[in-house]
Amino acid sequence: MSLLSLRGVRKAYGDNVVLDDFGLEVSEGECVVLIGASGSGKSTLLRCINLLEVVDDGVIELAGTDITDPRADADKIRSTIGIVFQSYNLFPHLSVLDNATLAPIRVHGVPRDEARRRALEMLDRVGLRDKADARPDDLSGGQQQRAAIARALVNSPTLMLLDEITSALDPELVGEVLDLLRDLRSEGMTMLICTHEMAFAREIADQVCFLHQGRLLESGPPAQVLDNPSQPRTQEFLRRIRT
Amino acid sequence: MTDWQPSALQLERIAYRQRRARRSTLIAVVSSVVLLVLVAIGIGSTPGWPRVRATFFDPQRAWEALPVVAEGLWLNIRVMLICAVLIVVIGMALAILRTLRGPIFFPLRVFAAAYTDVFRGLPLLLVIFLLGFGVPALRLQGVPNAAVIWGGAALVLTYSSYVAEVFRAGIESVHPSQRAAARSLGLSYRQTLRFVVLPQAVRRVMPPLLNDFVSLQKDSGLIAVLGVIDAIRAAQLETAIDFNFTPYVVAGLLFVALTIPLTRLTDYVARRQGWYGGGGGPV
């Protein structure tokens, strides 16, 4: 059974239809990479899954529960999904460690010492243990993004949403972050990733989805979508991104 | 760490900067002295100066008035401290009320909006008169009639509406992505406000907030109209003895002396915490 299942999802801002009759199935442990031009609806899709946006129609099911039901407890659902943003969105007034312990302490009721221990372990994992007491502004872009990933991971999410998390980084820092994702992948974390890094998509994805004007135009294994796309739009997009 | 020693080039630069700094200080001192001397000569040579000096700047009168005015100032300080606490609490509450969403909070939102509209618009002096003379005239049982209490209440009413707007501006200046990040971690609306939005908002509005409190220190002198003996009223009484206005100048200097440390404290705290974001560069 799918961990995440989207059917007929629609989202519009006024006349601007961002997601149109969108469907997608993500199995547990699967890594799905979303590609497509800017404005094709990738980020909106992630924000809808995380209930930061309210869908206009359709159903999103997480582990069999309809999370788009207005009666669902949105805070509780969000607490089981980790999201990492393109612009990190770390809390600038808190240290890196406090960023990572805020949700465990306040949302998940983890005792302070335990939360600190787990957060330090996670920071160690992303290579930032020595930066635990630093403020986000004192970190490089790659470090901030790894801190943001650690902040999401300490809550042991069942699903990770990653929104163009390497777009603001230089090539060397991109490497740092992608290494981390490879590790996660090998541990069986279910991930939904928006990216423009095609080489990375090819390497990590079980399924690549091409979005165009709010629709899922084509999806399949990377070899199929990236090397032998059937849709002219996909071919055009890949041609443009390679040159 | 490498054992770096500044190069000859860098040493020369440092020496140059030190020379420049000394030169700047010297120029600043000379220009200040010249200006002060010119102003002193300019004012001192006016025909009415001896008279003005005797009326406003009589050291003998200043010394005599100081204890009385200072005692009045102690009242200002107490009023200002107590009011400041209430103003922060009420102002924050109003700001939060105005940002609440959901139909249940509609009446509270309207109340907060109406409150700020009314008390930001009403002249403070009018509010002081209304409360200071109006409420005791109602002859209510069990309600204190002391002028200082109602004067303080007027200050709280007016200033909490200013401060509410300052807080609200701060709350709204926190980027929506911060809320999104907090909510995505599962924090509730309240928790997001409490742990993510407000701490950032308060830091940002600290300078304008302290500006309001400097202003409050001065306006605490307005309760003098109710007959409370504060620094201004004490100075007025002293002046009434011989029509020498020096006590007013004394009161004014004391108020300035009171606000300067507060302003410097804000600057210091702001710098230390890096509240203004990244530190300044060479430009």
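View 1. Chain B has a mean pLDDT of 88, with 95% of its residues reaching 70 or more. This is a predicted model, in which local features need pLDDT of at least 70 and side-chain atom pairs count only at pLDDT 80 or more, while totals for chains, interfaces and linings use all residues. Residues are numbered from 1 along each chain as its sequence is written, and chains are lettered from A and ligands numbered from 1 in the order in which they are written.

**View 2. The contact between chain B and chain A.** Chain B brings 17 residues to this contact and chain A brings 19 residues. On the side of chain B that touches chain A, helix H7 (176-184) and helix H8 (189-219) of chain B each supply at least two residues; helices (H or I, at least four residues) and strands (E, at least two) are DSSP runs, numbered from the N terminus. For the complex, the predictor gives an ipTM of 0.89 and a pTM of 0.81.

**View 3. The two domains of chain A.** Domain 1 of chain A (2-80 + 158-242) and domain 2 of chain A (91-157) come from the domain assignment, which is automatic or taken from a database. Their centres, taken over C-alpha atoms, are separated by 25 Å, and the contact takes 12 residues from each of these domains. Strand S7 (159-163) and helix H6 (171-186) of chain A each supply at least two residues of the side of domain 1 that touches domain 2, and H6(A) gives the largest share, four residues.

**View 4. An open sheet in chain A.** Four strands lie in the order S2-S1-S4-S5 (chain A) with antiparallel pairing, where two strands pair if DSSP finds at least two bridges between them. Strand S2 (16-27) and strand S5 (65-66) of chain A stand at the edges with a single partner strand each, so one side of each is left without a neighbour in the sheet. Strand S1 (residues 2-13) and strand S4 (residues 57-62) of chain A pair in the antiparallel sense over five bridges, and A:Ser5 stands opposite A:Glu61 in S4(A).

Notes
Contact = placed C-beta atoms within 7 Å. pLDDT = per-residue confidence, 0-100.
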